[in-house]
Amino acid sequence: MNYFKSFSYKKLLTILFCAFLMSFMFLLAGCKKEPAQENKEVDFPLDDKGYPKNNVVMINNKAYPLDLVGESHMGSEIEVKMDQDSDIVEIVLPQRLPINYWSLDEKENLNLVSYSMIDFPIKNENMLEGPSPAVQKFVLSIPRGETSEILLKWTNVDEIDKLFKDKKEDYLLKIKVSY
């Protein structure tokens with residue numbers, strides 16, 4: 001009788017252990033990291049090495065010139081005409097350098113719907129020291145029928161904790177959106 005009790009106890013422990021192990025394996029299988037497919041969520045022009053072009057900003061899937069290269073231009077202004085039936089503005093900017101980033105002046109009439117930083121995969125033979133393979137994507141909702149001004153600053157990462165108005169920009173981009 002003692003043998004039967006110990007046998008059923010061992011059997012119960014084995015079943016519980018197997019159930020725990022199977023649950024743990026299912027949990028781990030659900031946490032599997034998928035390969036990066038971020039570049040599929042944005043269409044951005046690339047150079048011959050696969051890096052995002054530094055002289056372009058994409059606004060609602062249309063390319064506009066951007067002069068991040070050189071010291072003579074501290075900023076630019078772009079005018080965008082919106083469709084009457086849309087209040088969403090999608091802005092995609094090249095990060096250009098890993099030590100710089102774009103920040104947005106969130107005014108009360110602008111609503112940041114989403115933000116993402118997207119890295120484009122670069123082949124090992126095309127890897128360069130210096131440029132960033134990333135773009136920053138801002139999706140904003142703006143008031144319909146009104147003219148809105150969107151301000152973006154390209155700043156050093158040292159400025160990250162500062163308020164927008166206090167950030168010292170290397171480049172200021174103004175986007176005037178009208179209907």
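A salt bridge here is a side-chain nitrogen of Lys or Arg within 4 Å of a carboxyl oxygen of Asp or Glu. The idea behind it is simple: side chains of opposite charge can pair when their charged atoms come close.

A quick word on what you're looking at. This is a predicted model, where local features need pLDDT of at least 70, side-chain atom pairs count only at pLDDT 80 or more, and totals for chains, interfaces and linings use all residues. Residues are numbered from 1 along each chain as its sequence is written, and side-chain values use heavy atoms, with hydrogens and water left out.

**Salt bridges**

Searching the whole structure turns up six salt bridges. Here are some of them, including the pair K176 and E77.

| Pair | Closest N and O atoms |
|---|---|
| K176 and E77 | 3.9 Å |
| E149 and K107 | 3.6 Å |
| E159 and K162 | 3.2 Å |

Let's start with K176 and E77, a salt bridge whose closest N and O atoms sit 3.9 Å apart. K176 is in strand β9 (residues 169-178) and E77 is in strand β3 (residues 75-81), so this pair ties together parts that are 99 residues apart in sequence. Strands, by the way, are DSSP runs of E with at least two residues, numbered from the N terminus. K176 is partly exposed at a relative accessible area of 32%, and E77 is partly exposed too, at 44%. "Partly exposed" is the range between buried (under 20% relative accessible area) and exposed (over 50%), worked out with a 1.4 Å probe on protein chains only.

Next up is the salt bridge between E149 and K107. E149 belongs to strand β8 (residues 148-156), while K107 is in the loop between β5 (100-104) and β6 (111-119), so the pair ties together parts that are 42 residues apart in sequence. E149 has a relative accessible area of 26%, which makes it partly exposed, and K107 is likewise partly exposed at 26%.

Then there's E159, which forms a salt bridge with K162. E159 is buried, with a relative accessible area of 11%, whereas K162 is partly exposed at 40%.

**A look at L128**

You'll find L128 in the loop between β6 and β7 (134-141), where L128 is partly exposed, with 42% relative accessible area. Set aside the neighbours within four places in sequence, and L128 is in contact with K49 and Y51; contact means heavy atoms within 4.5 Å. L128 and Y51 are 77 residues apart in sequence, yet their C-alpha atoms are 9.4 Å apart in space.

Methods. Helix = DSSP H or I, 4+ residues; strand = E, 2+ residues; numbered from the N terminus.
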